Amino acid sequence: NGGLGGGKEVMVQDVVGKPAETARSLLQNDNLKVQIVETFDERVAAGYVISQNPIGGQIVKENRTVQIIVSKGTEMASIPDLKGLSRRDAEARIRSSGLKVGRIEEQFSNEVPTDTVVSQNPRPPGQVAKGVIVDLVVSKGKSPRQITMPNFQGMPLQSVLARIEALNLRVGTIREISTPKFAPGNVNGQAPMAGSQVFEGT
């Protein structure tokens with residue numbers, strides 16, 4: 001008999017790591033009250049006790065309230081749909097969703113404007129654990145046109161320079177050499193070679 005006022009003392013059982021319902025039963029069987037507080041925890045499975053207060057082994061009066069913190073498991077986040085967003089907006093959306101920006105790869109796209117998200121991984125819809133990495137593929141704009149290199153040998157330099165500009169190519173190094181094969185001021189050799197494939201802007 002605990003006497004008047006419920007003054008009997010009991011030792012608090014250690015319920016950390018036990019399922020919440022088991023912990024509640026053990027504590028209530030010792031005439032203790034139980035307060036359950038739930039929180040996300042990625043290390044402890046959902047429904048299991050993370051910690052308690054008072055801790056196990058302490059002597060308390062009967063009817064004392066023991067608070068047990070119970071895991072809700074890993075906090076989940078919805079995967080945002082980032083397709084069509086600018087790179088900056090996509091990165092901001094990833095972070096505001098509780099996720100992390102991963103690898104950003106750039107690739108040419110004739111449909112998607114420059115610096116806009118083409119695709120992502122993981123893809124929506126769906127739920128993932130908070131802190132998961134989201135990789136992006138971002139457009140570099142339209143793919144440059146491929147051009148077959150003309151043969152400039154024997155042509156006057158000024159004509160060649162005008163042709164290079166018209167083809168949206170860039171002039172490299174010009175070296176003058178003496179050769180009996182071509183008249184002065186005419187092109188003797190070129191790189192890349194005639195017939196080779198080059199991209200616009202080369």
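Author: The protein has three helices and 12 strands, where helices (H or I, at least four residues) and strands (E, at least two) are DSSP runs numbered from the N terminus. The radius of gyration of the protein, taken over C-alpha atoms, is 36 Å, well over the 17 Å that the globule rule gives for 202 residues, so the protein is more spread out than a compact globule; that rule is 2.2 Å times the number of residues to the power 0.38. The C-alpha trace spans about 125 × 30 × 20 Å along its principal axes.

This is a predicted model, in which local features need pLDDT of at least 70, side-chain atom pairs count only at pLDDT 80 or more, and totals for chains, interfaces and linings use all residues. Residues are numbered from 1 along each chain as its sequence is written, and side-chain values use heavy atoms, with hydrogens and water left out.

The sheet in question is open and mixed, with three strands in the order β7-β10-β8; two strands pair if DSSP finds at least two bridges between them. β7 (100–107) and β8 (117–121) are the edge strands, each with a single partner strand, so one side of each has no neighbour in the sheet. On average, neighbouring strands here are turned by 20° against each other, direction ignored; axes are lines fitted to C-alpha atoms, for helices over the stretch in contact, and angles run from 0 to 180 degrees between N-to-C directions.

β8 and β10 (residues 133–139) run antiparallel and are joined by four bridges. Val-117 stands opposite Val-138 in β10. Helix α2 (residues 87–96) packs on the sheet and touches β7, β8 and β10, contact meaning heavy atoms within 4.5 Å. The direction of α2 makes about 155° with that of β7.
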